[in-house]
Amino acid sequence: MGKTALILVDLQNDFFPGGALGVPGANSIFPLANDIQDQFDLIVATKDWHPQNHGSFASNHPGHAVYEVIKLKDVPQVLWPDHCVQNTSGAEFHPSLKTQKINKVFFKGTNPDYDSYSTFFDNAHIKKTGLEQYLRDQGVTDVYIMGLATDYCVLFSALDATKLGFNTFVITDACYGINKSPGDIDRALESMKEAGAKLIDSTNI
């Protein structure tokens, strides 16, 4: 019987209301994020961990605006406000998150040339984060994904998890999205479902 892993996606200060890239309603993710941890064999968490010169920051592209889409090394890239810069308070886990049971933390978005929405790969699929190998080494077959944001990092993590052959579950009431364009969250959920991920409520774990 394979093990289960809960993936806590980017529960960092900058992604909560008041942060540099606050996700609407994200504060409501607590206490759910804490309460469900006991139901899994393994808990892993991810952090966006950007250098200050990261190519996804609008501030590093004079003449371009936040949320504009450009090409970054031939990969389409939304330009974001500076966020989750390495070793800043914005990159730290939200203080409401219970971190004692987290077995390992994986860092993404560390290469200034590529963003990394997925918890498994950068956006160009050039570099792995190490999460896949870690889960396989631990005997994990089923992954449960929750966190921020539904229409970006949760979406791409779920798509990669299914492609990698994990039984993938997305805990929809424990995910919050940016919804930059109306309907983005709904489209993201539909894409995950079409890829083979199972959309569940926390009560169905």
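Asparagine 179 sits in the loop between S7 and H4. The structure described here is a predicted model. Asparagine 179 has a positive phi of about 55° although it is not a glycine. Most residues other than glycine have a negative phi, and most peptide bonds are trans. With a relative accessible area of 32%, asparagine 179 is partly exposed.

## Backbone details in the loops

Cysteine 84 also has a positive phi without being a glycine, with a value near 50°. This cysteine belongs to the loop between strand S4 (75-78) and S5. Is cysteine 84 buried or exposed? Its relative accessibility is 0%, so cysteine 84 counts as buried.

Two cis peptide bonds can be described next. One joins phenylalanine 30 and proline 31, with omega about 10°. Proline 31 lies in the loop between S1 and helix H1 (32-35). Another cis bond joins leucine 148 and alanine 149, where omega is about -10°. Alanine 149 is placed in the loop between S6 and H3.

Serine 56 is part of the loop between strand S2 (42-48) and strand S3 (69-72). Its relative accessible area is 0%, so serine 56 is buried. Not counting residues up to four places away in sequence, serine 56 touches Leu72, Gln77, Val78, Leu79, Trp80 and Asp115. Between the C-alpha atoms of serine 56 and lysine 71 there are 9.8 Å in space, while the two residues are 15 residues apart in sequence.

## The sheet

An open sheet is formed by six strands in the order S5-S2-S1-S6-S7-S8, and the pairing is parallel. Its edge strands, each pairing on one side only, are strand S5 (104-108) and strand S8 (198-200). On average, with direction ignored, neighbouring strands of this sheet are turned by 25° against each other. Strands of a sheet pair through backbone hydrogen bonds, either parallel or antiparallel.

Strand S6 pairs with S1 and with S7. S1 and S6 run parallel and are joined by seven bridges; in this pairing alanine 5 stands opposite valine 143 in S6. Strand S6 (residues 140-148) is joined to strand S7 (residues 167-176) by six bridges, again in parallel. Here tyrosine 144 stands opposite phenylalanine 169 in S7, and leucine 148 stands opposite tyrosine 176 in S7.

Why is S6 described as largely enclosed by the rest of the structure? Eight of the nine residues of S6 are buried, and therefore the description applies.

Valine 140, in strand S6, is buried at 5% relative accessibility. Leaving aside neighbours within four places in sequence, valine 140 is in contact with Lys3, Thr4, Ala5, Leu42, Leu135 and Phe166. Threonine 4, found in strand S1, is buried with a relative accessible area of 17%.

Two packed helices are described by the angle between their axes and the distance between the axes. For helix H3 (residues 150-163) and helix H4 (residues 184-195), the angle is about 5° and the axes are 9 Å apart. H3 is therefore roughly parallel to H4. The residues of this contact divide into 10 nonpolar, three polar and two charged. From H3, Thr150, Asp151, Tyr152, Val154, Leu155, Ala158, Leu159 and Thr162 take part; from H4, the partners are Asp184, Ile185, Ala188, Leu189, Ser191, Met192 and Ala195.

## Cysteines

How many disulfides are found in the whole structure? A search finds zero. Cysteine 153 is in no disulfide, and the nearest cysteine sulfur, that of cysteine 84, is 8.9 Å away. For cysteine 175, the closest cysteine sulfur is in cysteine 153, at 11 Å, which is too far for a bond. A disulfide is a covalent bond between the sulfur atoms of two cysteines.

| Residue | Relative accessible area | State |
|---|---|---|
| Cysteine 84 | 0% | buried |
| Cysteine 153 | 6% | buried |
| Cysteine 175 | 8% | buried |

Technical notes
Residues numbered from 1 in each chain as written. Predicted model: local features only at pLDDT ≥ 70, side-chain atom pairs only at ≥ 80, totals over all residues. Heavy atoms only, no water. Disulfide = S-S within 2.5 Å. Buried < 20%, exposed > 50% of the residue type's maximum accessible area, 1.4 Å probe, protein only. Axes fitted to C-alpha atoms, helices over the stretch in contact; angles between N-to-C directions. Helix = DSSP H or I, 4+ residues; strand = E, 2+ residues; numbered from the N terminus. Parallel < 35°, antiparallel > 145°, perpendicular 65-115°, else oblique. Contact = heavy atoms within 4.5 Å. Nonpolar A, V, L, I, M, F, W, Y, C, P; charged D, E, K, R; others polar. Pairing = 2+ DSSP bridges.
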